[in-house]
There are 2 protein chains.
Amino acid sequence: MNQDYIIPNNWSIIEEGFNTDRVKSSESLFSIGNGAMGQRANFEEYYSGPTFQGSYIAGVYYPDKTKVGWWKKGYPEYFAKVLNAPNWIGINVQVNGENLDLFTCKVDNFKRELNMQEGWLSRTFTATLKNNVVVTVKTKRFLSLTLDEVGAINYTITPVNVDATITYSPYLDAGITNEDTNWDDKFWEITSINSKDNKAFIEAHTLKTEFNTCTFMESECFLNDKKTDITPKIEKLENKITYNYTADVDAKSSFTIHKFAGYTVDRNHPKDKLISAATKALEKATSTGFNALLEAQKNAWATIWETSDITINGDVKAQQGIRFNIFQLNQTYLGTDAQLNIGPKGFTGEKYGGSTYWDTEAYCLPFYMATKDQNVGRNLLAYRYNHLEKAIENAEKLDFSNGAALYPMVTMNGEECHNEWEITFEEIHRNGAIAFAIYNYYRYTGDYSYIPEKGLEVLIGIARFWHQRATFSTKQNKYVILGVTGPNEYENNINNNWYTNYMAQWCINYTVETIANIKENYASDYDRIMSKVNLNSDEIKKWKDVADNMYFPFSEEHNVFLQQDGFLDKELTPASSLKNSQRPINQKWSWDRILRSPYIKQADTLQGFYLFEDNFTIEEIERHFDFYEPFTVHESSLSPCVHSILAAKLDRMDQAYSFYLRTSRLDLDDYNKEVEEGLHITSMAGTWMSIIEGFGGMRVRNNTLSFSPKIPKEWDGYSFKVNFRNHTIKVSVTQNKNTFELLKGEELTLMVNGKSITINQNNLITA
Amino acid sequence: MNQDYIIPNNWSIIEEGFNTDRVKSSESLFSIGNGAMGQRANFEEYYSGPTFQGSYIAGVYYPDKTKVGWWKKGYPEYFAKVLNAPNWIGINVQVNGENLDLFTCKVDNFKRELNMQEGWLSRTFTATLKNNVVVTVKTKRFLSLTLDEVGAINYTITPVNVDATITYSPYLDAGITNEDTNWDDKFWEITSINSKDNKAFIEAHTLKTEFNTCTFMESECFLNDKKTDITPKIEKLENKITYNYTADVDAKSSFTIHKFAGYTVDRNHPKDKLISAATKALEKATSTGFNALLEAQKNAWATIWETSDITINGDVKAQQGIRFNIFQLNQTYLGTDAQLNIGPKGFTGEKYGGSTYWDTEAYCLPFYMATKDQNVGRNLLAYRYNHLEKAIENAEKLDFSNGAALYPMVTMNGEECHNEWEITFEEIHRNGAIAFAIYNYYRYTGDYSYIPEKGLEVLIGIARFWHQRATFSTKQNKYVILGVTGPNEYENNINNNWYTNYMAQWCINYTVETIANIKENYASDYDRIMSKVNLNSDEIKKWKDVADNMYFPFSEEHNVFLQQDGFLDKELTPASSLKNSQRPINQKWSWDRILRSPYIKQADTLQGFYLFEDNFTIEEIERHFDFYEPFTVHESSLSPCVHSILAAKLDRMDQAYSFYLRTSRLDLDDYNKEVEEGLHITSMAGTWMSIIEGFGGMRVRNNTLSFSPKIPKEWDGYSFKVNFRNHTIKVSVTQNKNTFELLKGEELTLMVNGKSITINQNNLITA
């Protein structure tokens, strides 16, 4: 744990007291988003201290020219950058001509709150300016879920000790830059700056990608809560427009501004109608008014929580942690737009660029399937289906052919962005996660229709890739997969990564089974697909030959599968022998030292045992857990959750709980000393899995939902809800009993600890 | 072969006819240098067509900020760039007000010659300008070996059809840029521009490295070979100074300019005396005069050829090839300055930056030892001794300690420049070459004094590195070396590269033996060194444990050592099965495909068999050659020579000859389609080795020089000379007989084909 200033609270993230060193961390932690846009918790008013400004629009990116030391054939030309978009939150405040600036004035009673239950961010504080005017300030801001192009700010200032002349200067500023840029390119170009009455608009488009946007605002002022018409003084600069509203405010009177603002984007509107769409959005917002819009916000969040909340009793920090994770996931992605995806930093920072990693399929999909309508999961799958052609092109760049598909490591539009050969070209297990997600979607939702409609084509492209990527080793008399990087990125260019080989085998087998099923049960789909992809039984036989004769490195001595060939040649000293001063090793050690060490960045072999647990005995799982866990340093945010789930399965609840804490408060407590850069959004879904699949033991087997609840000794109880095939089930677990409740849907049979129970909306079953 | 426009000639490189497409290739091939500076064969007069301008000063470089995609701990901050230096060759020519520009005028009878025997470059041509004036032009240029800060140009123009007003505009231009720059930084800054009488000076310094230089010139004009005093019109621009000499020249009369110019550098003079040093250099040059300076040049080159020439009879192209290699090596490095080294492109281009690779020790040292005074070899060794401290720092950056030294992959001043983890951190076999060179120097020269004086400290640093870099594998019950890149860079991050492991073992053993010898025979040196490096017998025991228990991958089935662990898991299809359209694979294949293929970029296991041939039986060498050669694609210029030597040893003369041709005319015939970028200087020493060690079979065993001459069937005969311990020996080989002649030194016993012969200056021995 690197920080602990966040006040424990069941529903809110709260910071008390103002400390300039924490500003960037809090900017990340108090970020807000509504799926369509999001922003760091930057201050509205001018701030001269260290800050990381960020406002982001979903799906708007810039293809930044790649930076590499030594070019290798096959590298992508660009790395898609998440873009800092024009700033619309800005409201500079002048008090008797002096800028209100928290970095330079005296700040008392500072409190910041991110209310996760209702979806808003607030600040209250008292500031003593250099001119000795003392003011109290209250702000509240939210990004509307109901009008998702609009955000609203309520900013109220009250001079405490004297009458004061106060100017609010709400502005739009398109003169913004990215921190993450390879060549200091300009990303945005302004098309027009317009103002009409109280409304202002900046049209700007991204260079190269040509996303057209309109950033807009409209403000209303209130004196002692009474609307007042102040004629603004309008200033236009090259890339900024400011409205200045000045009022003489008596001591103890309040001066309030409501600013409505946001973005319209040509992803949703015709390019030449962005201003009129903005005008309409503003009209809706202003006619609704700040308070009614906030009410709607509370209701919308209540609906989200209705299906996704997890309660934990007796452990406020754990409760706060899990809600923070669920809240941020919902701020990032709501599943309504199949063109969007879940960036690893969501709308909280620029790092990692791109929006889509294998995190989506391996970690996020289960969360969205269980807490939202099944269309959301389907949209996530369709995202990859829509990129199939690009995945085939990507494979062709690496000399594959005949429709083999390699999905990118990082992408915005289906094209690969990443540019390290050992990742871009070799971390090919990602293809497996994309195939597994198709299986997992069907397993969970029971909706097979996706597979003949879209999924099978993706599976075929992936199976073709694995078939071509494997090579035959005469020595082993088996197929091998050489030169890969597994999920554990602390090994590069290794041979026969067990997880990758297992995934490859599974993908081919699942594809072959699926083809047979489609042939039998969806004859017309079968014909359409086979002729489209030009597949025949000879080719399928060749795939099967690879799957049936796949090589897996195994140690007789340890009776475990080896993470890769040669793993046992390492000096196998456990991570516990590492001094604290040496960790994290990715900051302390040179890369070659990391590579030759046995240390595992994130679950690799164990990731396979997690995904395919039914293919192994509990003893096998235990043996592999005992073998690999001691070498695992969890320097990826995606690691502790998998370990927590496996530990719970193995009845090692202390270990499971400790891994759970690490994953759930990763950002709140800043375990990795990097929260300033943004939050770890995708791993938050792993936290959710730690409770649902780990402690709750939720699985779907043979179309039946099953549970085997366990509870950490530190907790009094916990409960969660899941959507499952038009049912909403609530599971409550205490130290003494487990209860199952059906909140929505027809009678349903569950398996609990291996026994069948039936629930309906009239009863609460204890099992 | 990619081009064949170079006219075969025993002593000259000749081009006839003007073709703008060949300009950049010829700029490389006709490059001139004198060890202190060098330049591409750019035209003196203005040329508006595609050209690659290059003039280089030995030891003057810029630390260009590193460019990497993803930073890894341990990466160097900069990559030293070879710098294009201020241009002093420029002489613009105006004929009746029109610029003479070969790109735009009609060119006839163009001939360019690089005379390697005498060390000069010339051009003759007839040009018809757009204004219909026809002129003939003769130029001659050389970089003086006797005054190595000075170059001289003789430029003569003769109007053919009409009287003409001709202006010579010799200039100095410091407004030059590099083609190879990471961030388009400015590399040079001008300090002053001065002129005095006919002399001009531009003082400029490199940014960051602060090398101070003065570029200077002085010109003299002649009408019909008679000196004429023309008052020049002087133009000064921000970074350029031009003298304009105008004369009215009758038809068929000649107008000549002699330009003397060059650089003084604060490596050799006090920074504030650069202009006065330049003035002195110019005074020497002008008082000597162009013709006498050229005579001195011829004599100086005759002296070089006296000890280094190789003759080949009956094969002009082979003769031209070998002389071109020897000539370029001497243009690049003369061994007089221990601060300098042999850049892979010499003074012919910017590529690869840096100046020093393991090429120096592995390829160039034998050439310089055999063709020059032994001090030259000693200087090359001292270069690394002087960098020992930096090599220790470099190892510390990679977490090694206790004086372990890792020499850089690429360097200018001892600091690592390279920045790909798989090379920078893992291509550690380079350390072995540096230790081997110490052994090799003693073996050849018999000068042991270098070892107690300097060499042993280097050996100890290197032995310490290998000891720490090896790890113990419980499974193998041996020491292993994990995560390396061998000489074959088409394998990255492999385990137990045989060559690397063998080198590591050899380095430790040699160091331990050497310590014992120094202890016994150089007691005071021993004490001084041991206390300096703080070494005790316990540590040495630990080193020995590693060397004695080193693991070597071996295949029982093939009865060969394996290039690395897992090599047999590859699909072992020979390179001969590759289609031509697929080669070179480094341009046609994605990197991951290259890595999982069996193809070998350059001799790797065979490099070890070449260096340590006496440790293996001829059957072992043959078996390994037969196993690895078929997979070798020779996409490094350093590969064919080693194969040629081994093939000759195995009596496979056809193969040896074909590898020889590939190495000796690599640039002249542009095998790798890249000669425009500059020449492959260091591999030229490999060409020399192909004849001396390959065909001539020269070895040194037990302080005795031995030969086992063979001759390709394509040749009538060949001869070469070597310096050996104050003797100069000439070896002549024909299809019928081998003769041995002593040109210098006392009576000497040689071994020829296993038999002892004695030569002295009075006899010519046939053996």
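This is a predicted model: local features need pLDDT of at least 70, side-chain atom pairs count only at pLDDT 80 or more; totals for chains, interfaces and linings use all residues.
A residue counts as buried when its relative accessible area is under 20%. B:D64, at 0%, therefore belongs to the buried residues. In the pairing of the two chains, 44 residues of chain A are in contact with 44 residues of chain B.

- Three residues stand out here: A:W70, A:D569 and A:R596 supply 18% of the area that chain A buries against chain B, more than any other three residues.
- Between chain A and chain B there are 6 salt bridges.
- For a cross-chain example, look at A:K72 and B:E422, whose side chains form a salt bridge with an N to O distance of 3.6 Å.
- On the side of chain A that touches chain B, α8 (421–424), β22 (471–473), α14 and α15 (591–596) each supply at least two residues.
- Of the elements on that side, α15(A) gives the largest share, with 5 residues.
- Sorted by class, the side of chain A that touches chain B holds 18 charged, 15 nonpolar and 11 polar residues.

**Salt bridges within the chains**

- Side chains of opposite charge can pair when their charged atoms come close.
- Over all chains, the salt bridges number 90.
- One of them joins B:D64 to B:K81, with the closest N and O atoms 3.2 Å apart.
- This pair ties together distant parts of the chain: B:D64 sits in strand β5 (residues 61–65) of chain B and B:K81 in strand β6 (residues 78–82) of chain B, 17 residues apart.
- Like B:D64 with its relative accessible area of 0%, B:K81 is buried, at 3%.
- B:D309 and B:R323 also meet through their side chains, in a salt bridge of 2.8 Å from N to O.
- Here too distant parts of the chain are linked, since B:D309 lies in the loop between α3 (290–308) and β21 (310–313) of chain B, while B:R323 lies in helix α4 (residues 316–332) of chain B, 14 residues apart.
- Both B:D309 and B:R323 are buried.
- In another salt bridge, B:R665 pairs with B:D669, and their closest N and O atoms are 3.0 Å apart.
- B:R665 and B:D669 are both buried.
- Over in chain A, salt bridges with shared partners connect A:E613, A:D614, A:K649, A:R699 and A:R701 in one network.

**Annotated regions of chain A**

- An unreviewed UniProt entry places "domain: Glycoside hydrolase family 65 N-terminal" at residues 14–266 of chain A.
- Residues 14–266 of chain A are 53% strand and 3% helix, and the end C-alpha atoms of this span lie 37 Å apart.
- A:S25 is located in helix α1 (residues 23–29) of chain A and is buried, because its relative accessibility is 4%.
- Although A:S25 and A:E674 are 649 residues apart along the chain, their C-alpha atoms are separated by 8.3 Å.
- Beyond its neighbours within four places in sequence, A:S25 is in contact with A:Q3, A:Y5, A:V675 and A:E676.
- The unreviewed UniProt entry also carries the annotation "active site" for A:E489.
- A:E489 is found in the loop between β23 (478–480) and α11 (498–521) of chain A, and its relative accessible area of 17% makes this residue buried.
- Leaving out neighbours within four places in sequence, the contacts of A:E489 are A:M409, A:I423, A:E427, A:W591 and A:K601.

**Backbone features to check**

- Most residues other than glycine have a negative phi, and most peptide bonds are trans.
- A cis peptide bond connects A:R583 to A:P584, with omega about -5°.
- A:P584 is in the loop between β25 (560–561) and α14 (585–588) of chain A.
- In chain B, the bond from B:R583 to B:P584 is cis, with omega near -5°.
- A:K252, which is not a glycine, has a positive phi of about 70°.
- You will find A:K252 in the loop between β19 (240–249) and β20 (255–265) of chain A, where this residue is exposed at 66% relative accessibility.
- B:N726 is another residue other than glycine with a positive phi, near 70°.
- B:N726 lies in the loop between β28 (717–724) and β29 (727–734) of chain B and is exposed, with a relative accessible area of 62%.

Definitions and conventions
Residues are numbered from 1 along each chain as its sequence is written. Chains are lettered from A and ligands numbered from 1 in the order in which they are written. Side-chain values use heavy atoms; hydrogens and water are left out. Helices (H or I, at least four residues) and strands (E, at least two) are DSSP runs, numbered from the N terminus. Buried means under 20% relative accessible area, exposed over 50%, partly exposed in between (1.4 Å probe, protein chains only). Contact means heavy atoms within 4.5 Å. Buried area is the accessible area (1.4 Å probe) that two parts lose on being put together, summed over both. A salt bridge is a side-chain nitrogen of Lys or Arg within 4 Å of a carboxyl oxygen of Asp or Glu. Ala, Val, Leu, Ile, Met, Phe, Trp, Tyr, Cys and Pro count as nonpolar, Asp, Glu, Lys and Arg as charged, and the others, Gly among them, as polar. UniProt positions are given in the numbering used here, feature names are shortened, and annotations may be inferred rather than shown by experiment.
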